Amino acid sequence: MLELRGVARHFGGVRAVDGLDLDVRRGEIFGLIGPNGSGKSTTVNLVAGVTTLSAGSIHLDGIDLAPHPVHERLRLGIARTFQNIRLFGQLTVWQNLWVAQNSPADRARQTFLGRWLGGQSGVRAEIARLLEFSRLAHRQDELATNLAFGEQRRLELARALATRPRLLLLDEPAAGMNAEEIGQLRDRILRLREQGVTIVIVEHVMQLVMGVTDRIAVLNFGQKIAEGTPAEIQRDPAVQKAYLGGD
Amino acid sequence: MDFYWGLLQLIGIHSLLGLSAYVVVLTGQVSLAQAGFFAIGAYAAGMLTVLRDWHIVPALVAATLAAGAVACAVGFPALRVRGLMLVIATLAFGEGVRLFFFNFDYQIAKGNIRVGPLGGEGFRQIRYFPENGWSTFHVMAFIWTAVILVMAALWWFDRSRYGAVLRAVGEDETAAQSVGVNLTAVKVSAMAFGGAIAGLGGGLYAHYTTHIEHANFGILLATFAIAYPIVGGLASVFGTVAAVVFVQGFLVEGLRFLGDWRNLLFGALIVAAMNLRPHGFLDARALAGLARLWRRRPAGA
């Protein structure tokens, strides 16, 4: 579904991502791990279009993403969350989800004709469903800035889902969460896969990555040093070396 | 009484100027071009009623559309830059408009006098209101009809999805983009709407003062335009109007007895207001409080 070929991104002399090949298959949960500064977040930003490629190509279902700016990639079905939460703090929870309804189907509903044909009730129902899924229904009229940390994380995920993605990029979704919250996040990710969303997770929290992913790629210094199932990755000597150091 | 009607006229016109900036500030942009759009509206409407003998209403509609179209055209290149660079770019545009009118002559003979803009001399005799026998009160009512229509439109607009999108862009452009918002379309349309409102205000201003010249539309007016929504708060359109009443009604008129000391106090009061109410006079909490008060009163009665 998602194909990266020879992807590179240089910041001055720093090679944040250096000749990366990745294949994410439809319907799988794909983990991207590696030590700090290994290029994981840069890879997410390259796929989302926030950062431009220095070399290589990225295709989604055969479509070259290079000519598409960020907001168009979303319409192709790519959504993402941020490592440091970026909500619209002065909008309510409900409005945060409303603003994100930019998929082609939702845009058609929001036109004058679409609203006349009852599209607005469909929009409301969809937002209600997302609030239910994220257990935020009781907070829907609260300003996003007033939410607790865990709620903000849930809202950010819900906001990404409001764009109706086929491919969801999660950049450290469990950062700062306690064990119980990580368990709930895990359940939510698995439910999304059942709904047919392909998911790429960048994560440090091994409890989540090892428990939820189908396959994992390990990055170090912008290059892929291993790829395989969670069990294979845990046994891989190159991975142990990258994480634990030594020679 | 005419003094107060006159003051209300000025407050109405400045409210339109402030509301034009309000739309742009919502998207997080600081534009010093609003005085330029205001000038375009003023000259366009004045020329149509004086040189073409149009009725005031279609002349104002034309001025609104002309300023909106220019704002749209300016929006595309200007909004490619951000922050301080946008301030400089819009400032340059506003000064460009002012200098254009400084050099703009277009006079025709009407009876035995020549009318129309005459460069640095300005554009005199925009006498639609006195010629048609409108009293100060009529003009004031006409201006406030326009203000209330614009406020109602923006009030409705703030509650629409588009209003939420504007605020989302103002809060975090990267996040807005990543949920599929087309930043260029949103910023340019906000600029165009803001420009159109400024054009309407300018058209009314030209007929209110009867004499306009390039110096009316300088950096001071541009600064006022952007100060109103910031001092008043972005929670709703009422904040902007409250700020205009405070600045034009209280600071400029109310402190006239202080003579030259007024200007000093003027600056100090703006600084004090910003410190006491950093989110503007009417922030979200103040509005919620007012709404509760409003609901409680009928229940208690």
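Modeller: The contact takes 20 residues from chain A and 15 residues from chain B; two residues are in contact if their C-beta atoms, placed from the backbone, lie within 7 Å. This is a predicted model, in which local features need pLDDT of at least 70 and side-chain atom pairs count only at pLDDT 80 or more, while totals for chains, interfaces and linings use all residues. Residues are numbered from 1 along each chain as its sequence is written, and chains are lettered from A and ligands numbered from 1 in the order in which they are written.

On the chain A side, α2 (70-76) and α3 (93-99) each supply at least two of the residues that touch chain B. The largest share, four residues, comes from α2(A). Helices (H or I, at least four residues) and strands (E, at least two) are DSSP runs, numbered from the N terminus. By class, this side of chain A has nine nonpolar, seven polar and four charged residues. Here Ala, Val, Leu, Ile, Met, Phe, Trp, Tyr, Cys and Pro count as nonpolar, Asp, Glu, Lys and Arg as charged, and the others, Gly among them, as polar.

Within chain A, the domain assignment gives domain 1 (1-77 + 165-247) and domain 2 (89-164); such bounds come from an automatic or database domain assignment. The C-alpha centres of domain 1 and domain 2 of chain A lie 26 Å apart. Their contact takes eight residues from domain 1 of chain A and 11 residues from domain 2 of chain A. The domain 1 side of it has five nonpolar, one polar and two charged residues.

Now the sheet. Six strands of chain A form an open, mixed sheet in the order β6-β7-β8-β3-β9-β10; two strands pair if DSSP finds at least two bridges between them. At the edges are β6 (78-80) and β10 (223-228) of chain A, each pairing on one side only. Neighbouring strands of this sheet are turned by 20° against each other on average, direction ignored. Inside the sheet, β7 (residues 167-171) and β8 (residues 198-202) of chain A run parallel and are joined by five bridges. In this pair, Leu168(A) stands opposite Ile199(A) of β8(A).

Two helices lie across these strands. Helix α8 (residues 179-194) of chain A lies across β3, β7 and β8 of chain A, at about 150° to β8(A). Axes are lines fitted to C-alpha atoms, for helices over the stretch in contact, and angles run from 0 to 180 degrees between N-to-C directions. α1(A) lies across β3 (29-33), β6, β7, β8 and β9 (215-220) of chain A, at about 145° to β7(A).

Helix α1 (residues 40-48) of chain A is largely enclosed by the rest of the structure, because nine of its nine residues are buried. A residue is buried if 20 or more other C-beta atoms lie within 10 Å of its own, exposed if 12 or fewer, and partly exposed in between, with C-beta atoms placed from the backbone. Among the buried residues of α1(A) are Lys40(A), Asn45(A) and Leu46(A). After α1(A) comes Gly49(A), with a positive phi near 95°.

Asp61(A) also has a positive phi, near 50°, in a residue other than glycine. Asp61(A) sits in the loop between β4 (55-60) and β5 (63-64) of chain A. With 12 other C-beta atoms within 10 Å, Asp61(A) is exposed.
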